[in-house]
Amino acid sequence: MLYNEILSAKQKGQKLLAILLDPDKIGLEEVAVLTDKINGSPATHIFVGGSIVEANIIDELIVRLKQKTDLPVILFPGNPSQISNEADAILFLTLLSGRNPDYLIEHQVNAVPILKKTKLEVISTGYILIESGTQTAVERVSKTDPLDRENPDYVVQTAQAGEFIGNKMMYLEAGSGAKNAVPLEMIRKVSENIQIPLIVGGGIRSKTAIDAAYASGADLVVIGTAFEDNPDFFNL
């Protein structure tokens, strides 16, 4: 089970890295070159999804990814339409930072009949959007405000509430194309106050930033835009 592997890595202090691929930003003809770059990187997982996915290529994209790489593919969906049985697992997200009922429970309810027909491993994940200096796609689509980056204590409370509810992982997200990444002090405080694996993503544009997130307590770092824009990201 992928979750057990992530949990085991946390317990051993092994840091994980996911490359987030947005089907709207990737052409199928690019997959072969892209997977060569991923295979040559320190990545341990591939996330697939986005806030808005209009391209109807998720199934084919994952099939092609799996032909070229052995890394597990985990869905990171914005809504139930992004579910694919070709993946290995799905982050079953609850937008804890927002109060839009569609993203707290409605999309999850609608996803159940679809998930029941798949063999996907379902990983309950609390999702906390952090203010990043610009409006992100997550804000626009979910119609919710991010949490104040200057108020880490409230973010800690939110993460703890998610853990108490039963989330198996917590995801601190600055958003795709974020101007500012999640503050390192916030990562540290959340990490110190929850027992479940901590994922951090958004606005991370360098290996130095990845290492800083790890040092602050992130168990799994996600990079998307930076890798999409520069597949030589790890060769610099």
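Where is Thr-136 placed? Thr-136 is in the loop between β5 and α5 (137–142); helices (H or I, at least four residues) and strands (E, at least two) are DSSP runs, numbered from the N terminus. I shall return to this residue at the end.

Good morning, colleagues. This is a predicted model, in which local features need pLDDT of at least 70 and side-chain atom pairs count only at pLDDT 80 or more, while totals for chains, interfaces and linings use all residues. Residues are numbered from 1 along each chain as its sequence is written, and side-chain values use heavy atoms, with hydrogens and water left out.

Let me begin with the annotated sites. In an unreviewed entry, UniProt gives the annotation "binding site" to Asp-22 and Ser-51. UniProt positions are given in the numbering used here, feature names are shortened, and annotations may be inferred rather than shown by experiment. The two residues span 30 residues in sequence, yet no two of their C-alpha atoms are more than 8.8 Å apart, so they gather at one spot. Asp-22 and Ser-51 are both included in the lining of the largest pocket. On a 1 Å grid over the protein atoms alone, a pocket is an open set of points where a 1.4 Å probe fits, with protein on both sides within 12 Å along at least five of seven lines, and lining residues have an atom within 4 Å of a point.

Asp-22 lies in the loop between β1 (16–21) and α2 (31–39). Its relative accessible area is 11%, so Asp-22 is buried; buried means under 20% relative accessible area, exposed over 50%, and partly exposed in between (1.4 Å probe, protein chains only). Beyond its neighbours within four places in sequence, Asp-22 is in contact with Gly-49, Gly-50, Ile-52, Val-53 and Glu-228, where contact means heavy atoms within 4.5 Å. Its side chain also reaches the backbone nitrogen of Asp-24 at 2.9 Å.

Ser-51 is in the loop between β2 (45–48) and α3 (58–68). With a relative accessible area of 22%, Ser-51 is partly exposed. Not counting residues up to four places away in sequence, Ser-51 touches Gly-78, Gln-82, Ala-137, Val-138 and Val-141.

What, then, surrounds Tyr-171? Tyr-171 is in strand β6 (residues 169–173), and at 0% relative accessibility it counts as buried. Leaving aside neighbours within four places in sequence, its contacts include Leu-91, Thr-125, Ile-199 and Val-222.

Aromatic rings deserve a separate word. A search of the whole structure finds 6 aromatic pairs. Rings of Phe, Tyr and Trp (its six-membered ring) pair if their centres lie within 6.5 Å; planes under 30 degrees apart count as stacked, over 60 as edge-to-face and the rest as tilted. Phe-76 and Tyr-171 form a stacked pair, 5.2 Å centre to centre, with 15 degrees between the planes. This pair links distant parts of the chain, 95 residues apart: Phe-76 is in the loop between β3 (73–75) and β4 (89–95), and Tyr-171 is in strand β6. Phe-76 is buried, with a relative accessible area of 8%.

The rings of Tyr-127 and Tyr-171 have centres 5.3 Å apart and planes at 80 degrees, so this pair is edge-to-face. Tyr-127 lies in strand β5 (residues 121–129) and Tyr-171 in strand β6, so the pair ties together parts that are 44 residues apart in sequence. Phe-47, Phe-76, Tyr-127 and Tyr-171 form one aromatic cluster.

I turn now to Ser-176, found in the loop between β6 and α7 (184–193). Ser-176 is partly exposed, with a relative accessible area of 41%. Outside four places in sequence, Ser-176 is in contact with Lys-25, Thr-136 and Thr-225. The side chains of Ser-176 and Lys-25 make a polar contact at 3.5 Å; a polar contact is a pair of N or O atoms within 3.5 Å, and within protein one must be able to donate a hydrogen and the other to accept it, while residues adjacent in sequence count only if both atoms are side-chain atoms.

This brings us back to Thr-136. At 2% relative accessibility, Thr-136 counts as buried. Leaving aside neighbours within four places in sequence, Thr-136 is in contact with Leu-129, Ala-174, Gly-175 and Ser-176.
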